[in-house]
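Here's a quick briefing to read alongside the model. Have the sequence and the 3D view open as you go.

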Amino acid sequence: MKPTTVCSFLLALVLATTSTIAQPTKSTGSNPPLFLLAGDSTTATQSSNGGGWGDGFLNTTLHHGASGINYGVNGRTTVSYRAGGYWATVLASVAASLETSTTPYVTIQFGHNDQKASANISIVEYTTNLEQFVADVRTAGGTPILVTPLSRRGYENSTGTPKVVEDLADQRAATIAAAEATGSTWIDLNEASTQYLNAIGEADAWTYNLNPTDETHLNVEGSVVFGGLVALLIEGALSELKAEGYVRVKKELEKALEEGKYYWP
Ligand SMILES: *[C@@H]1O[C@H](CO)[C@@H](O)[C@H](O)[C@H]1NC(C)=O
Ligand SMILES: *[C@@H]1O[C@H](CO)[C@@H](O)[C@H](O)[C@H]1NC(C)=O
Ligand SMILES: *[C@@H]1O[C@H](CO)[C@@H](O)[C@H](O)[C@H]1NC(C)=O
């Protein structure tokens, strides 16, 4: 893929997302944002069997008093995250955020475990569960951001051009449908990460693997790269966060993501 394709792709994505929500630019006032990250292991802190984009996003892209908490939990679905009490913790954190004069945003990203046959969660249930998460965040006083699931790094070569296997397409579509049904802000991490992985290729993509054969979870460097991608998408969807300097990606990483070039932090 030519670098310009990725660049215009990211731009188009950002424009589509902002026009979909059609929200006026709001000010966060004097209260810096607090990002509460709800999700599965592809959001969670790096551990022996999990690790996603969350810590890279929190560690490297937030400025001027913006902060956040990674509530990603390995192996969770939209059902087991609520049943296990993790969602209640996120909502309590939204309420606490309002008390401490921060502006709470909740990113919501599931799908990797919901899609497993053993989870027995239909696409309709998955969509409804995401819509309920959005409603709960709003009731608690926060702003939800639905996130389509991070791409895995498995490749296939049936057309003679190695491409990422797009095995989360149904979950991506359902996440967007849930956002449109509720008027929630959303970002298309699935599409953006797929495009980036296709641009850099399998050998470079695998350097972000948690361990050599783990195509799903990210190591610390992968977390920084894909955390940066999430930050760019959030900046595009919620322009006030960029305008006020709260979310900012290091120039070299921003350029690499926009041009589809490999980056090692
Ligand atoms: C985030 O920061 C913590 C604390 O410094 C560090 O242990 C961890 O490796 C960092 N993770 C990422 C993904 O940047
Ligand atoms: C799967 O879920 C459906 C609908 O909730 C239920 O009727 C069915 O018994 C479940 N199947 C298994 C194997 O748990
Ligand atoms: C993909 O397929 C093409 C054409 O069959 C082949 O030339 C190329 O080496 C393959 N690449 C990989 C990474 O398998």
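**Ligand contacts and overall build**

In this predicted model, an oxygen atom of ligand 3 sits 2.5 Å from an N or O atom in the side chain of Asn157. Taken alone, ligand 3 exposes 360 Å², and the protein buries 30% of that (accessible areas are Shrake-Rupley values with a 1.4 Å probe; for residues, only the protein chains shown count as cover).

**Around the ligands** (a residue counts if one of its heavy atoms lies within 4 Å)

- Ligand 3 has Asn157, Gly160 and Pro162 around it.
- Ligand 1 is surrounded by Gln46, Asp55, Gly56, Asn59, Val220, Ser223 and Val224.
- On its own, ligand 1 exposes 360 Å², of which the protein buries 48%.
- Two or more residues of that shell come from each of α2 (54-60) and α9 (220-237).
- An oxygen atom of ligand 1 lies 2.3 Å from an N or O atom in the Asn59 side chain.

**The protein as a whole**

- There are 11 helices and 7 strands (DSSP runs: H or I of at least four residues for helices, E of at least two for strands, numbered from the N terminus).
- Of the 265 residues, 53% are buried, meaning under 20% relative accessible area (1.4 Å probe, protein chains only).

**Ground rules**

- Residues are numbered from 1 along each chain as its sequence is written, while chains are lettered from A and ligands numbered from 1 in the order written.
- Local features need pLDDT of at least 70, side-chain atom pairs count only at pLDDT 80 or more, and totals for chains, interfaces and linings use all residues; side-chain values use heavy atoms, leaving out hydrogens and water.

Conventions. A polar contact is a pair of N or O atoms within 3.5 Å; within protein, one must be able to donate a hydrogen and the other to accept it, and residues adjacent in sequence count only if both atoms are side-chain atoms. Buried means under 20% relative accessible area, exposed over 50%, partly exposed in between (1.4 Å probe, protein chains only).
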